[in-house]
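Please read it beside the coordinates.

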There are 2 protein chains.
Amino acid sequence: MARTQGSHSDITGPRIRKAALALFARHGYAAVSMRQIAFEVGVQAGALYNYTPDKQSLLYRLMHEHMQDLLSAYDELEQSADASQALRQFVGFHIRFHLERPDEVFIAYMELRNLTPENFSEIEALRRKYEDTLEAILSRGQEGGVFDIADTKIATLAVIAMLNGVMTWYRAGGRLSLDEVEQVYWDIVRRSVSA
Amino acid sequence: MARTQGSHSDITGPRIRKAALALFARHGYAAVSMRQIAFEVGVQAGALYNYTPDKQSLLYRLMHEHMQDLLSAYDELEQSADASQALRQFVGFHIRFHLERPDEVFIAYMELRNLTPENFSEIEALRRKYEDTLEAILSRGQEGGVFDIADTKIATLAVIAMLNGVMTWYRAGGRLSLDEVEQVYWDIVRRSVSA
DNA sequence: GTCTATAGTAGGATAGAC
DNA sequence: GTCTATCCTACTATAGAC
C-alpha cells in the first residue's frame with residue numbers, strides 16, 4: 001500500500017471516500033481513525049486534508065450522496081398510476097437498491113448520531129422525503145379503496161422497517177434468489193395493506 | 001457530581017452500569033470514554049475498574065443482561081395454544097417490552113460490532129433463541145392452516161424488523177396510545193400472515 | 001473503595017519541505 | 001499533492017497513597 005510522492009488529485013478523492021465507506025461500515029465512524037483511512041488509500045494521514053476539511057465532512061458527504069442517489073433513482077422510475085402496482089414497484093426498488101449498497105445503507109442508518117446537528121437535519125430531511133413517496137402511494141390506494149390501512153403513517157414506517165430487515169440476513173448466493181426475496185416480501189407487504 | 005472519598009460498593013456498581021447504558025445509547029460505545037462514565041457517576045475513572053475489568057466487559061454485561069431479561073420475560077407469559085392468539089400475544093409483548101427499554105434495545109442492536117468475537121457469539125445465540133420463539137408460533141399456525149406463509153424464516157425476520165421499527169418513532173404522549181400502537185401493528189401483522 | 005498521578009498509546013489536525 | 005514531523009489533546013488502564 002505504501003506510495004511514493006506524486007500527484008493524484010483526480011483519483012485520490014474517490015479512493016478516500018471508498019475506503020472511508022468500507023471502514024465506517026465495518027467498524028463504525030467513531031472507531032475509525034484518519035490514519036486507518038489513509039493507510040487503506042496508501043497515503044499519509046495529512047494528505048487526506050487536501051480532500052476533506054475534517055472527518056465529519058467525510059461522513060456527511062457519504063451519507064448525503066447516498067440519499068441523493070436513492071431519491072434520484074426512485075424519481076427515474078416510471079411510476080404506475082395504479083396504487084397496487086406502484087407499491088409493488090416500490091418494494092422491488094427498495095430491496096434491490098439497498099441490497100446493492102450494503103455499506104452505504106448501513107452507514108446511513110447507524111451513523112446518524114455521529115452527524116453534527118446541522119448535518120443531521122439535512123440527512124433527516126432527505127430520509128423523510130423518501131418516506132413520503134411511500135406514504136403517497138399508500139394514501140392514494142387507501143383513498144381509492146384498493147388498500148385498507150388503519151394508519152398510513154405507521155404503515156409507511158412499518159413497511160420500510162420490514163424491507164430494511166432484508167439487509168440483515170440476505171447474502172447473494174444464499175437460499176433464495178433476489179427475485180424470490182422480492183416475491184416473498186411483496187407477498188407479505190401486499191397482504192398487510194390489502195382491503 | 002464531585003464526590004469525596006467513601007465506600008459505596010453496593011450502589012456504585014449499578015450506577016456505573018446505568019450511566020454507561022445511557023451514554024452508550026446516546027453517543028455510541030466507541031465514542032464514550034471511561035472518564036465520561038466516571039463523571040456521570042461522580043467518581044474518578046480509575047475507580048470504575050473496581051467494578052469492571054475493562055470497557056468491553058461493561059458493554060457485554062449490559063447486552064447480556066438485556067437479552068436474558070427478554071427471554072425470561074417471554075418465558076413467563078402463559079402462551080396460548082392457539083397460534084393466532086400466541087402471535088397476538090407476541091406482538092403485544094415485543095412492543096411493550098422494547099418500548100420500556102429504549103436504551104437497552106438500541107445498544108443491543110447498534111453495538112453488536114463492538115463486541116469481541118466471543119462475546120458477539122454469545123449475544124447472537126440469545127437473539128436467535130428469541131427469534132426461534134416467534135418462528136415456532138408461525139410454523140405452528142402454518143401447519144394448522146391458520147396462517148398462510150410462503151417462508152416462515154423470512155416472515156419471522158420481517159415481523160421482528162417491522163415491530164422494531166416502532167422504536168424509531170414512538171414517543172409516550174404522542175399521537176397514539178400504547179394500546180393503539182399495539183392494535184395497529186397487530187392489524188398489520190395479522191393480515192401479513194393470515195390464510 | 002476511591003483518590004491522585006501517570007504510563008503508554010493513539011487520536012484529529014496543522015506546518016513546512018519537496 | 002504528498003510527505004514528514006509535530007502540536008495538543010484524549011484515551012484505557014494501572015500503581016500506590018489514604
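The points below go from the chain pair to its salt bridges, then to a helix and the record.

1. Basis. This is a predicted model, in which local features need pLDDT of at least 70, side-chain atom pairs count only at pLDDT 80 or more, and totals for chains, interfaces and linings use all residues. Residues are numbered from 1 along each chain as its sequence is written, chains are lettered from A and ligands numbered from 1 in the order in which they are written, and side-chain values use heavy atoms, with hydrogens and water left out.

2. Interface. Contact (heavy atoms within 4.5 Å) involves 35 residues of chain A and 35 residues of chain B. The buried area is about 2,800 Å², and carbon and sulfur atoms give 63% of it (accessible area, 1.4 Å probe, lost on being put together, summed over both parts). In chain A, A:Arg113, A:Ile154 and A:Arg191 lose the most area to chain B, together 25% of what that side buries. The copies meet through the same surface, because 100% of the interface residues of chain A are also interface residues in chain B.

3. Bridges across the interface. Six salt bridges cross between chain A and chain B (a side-chain nitrogen of Lys or Arg within 4 Å of a carboxyl oxygen of Asp or Glu). A:Asp151 pairs with B:Arg175, with closest N and O atoms 2.8 Å apart. B:Asp151 pairs with A:Arg175, also at 2.8 Å. A:Asp151 is buried at 10% relative accessibility, while B:Arg175 is exposed at 60% (buried is under 20%, exposed over 50%, partly exposed in between; 1.4 Å probe, protein chains only).

4. Bridges within a chain. A:Arg190 and A:Asp187 form a salt bridge at 2.5 Å. Both lie in helix H9 (residues 178–193) of chain A, three residues apart (helices are DSSP runs of H or I, at least four residues, and strands runs of E, at least two, numbered from the N terminus). A:Glu124, A:Arg127, A:Glu131, A:Glu135 and A:Lys153 are linked in a salt-bridge network.

5. Record. An unreviewed UniProt entry places "domain: HTH tetR-type" at residues 10–70 of chain A; annotations may be inferred rather than shown by experiment. That span is 69% helix and 0% strand.

Methods
Buried area is the accessible area (1.4 Å probe) that two parts lose on being put together, summed over both.
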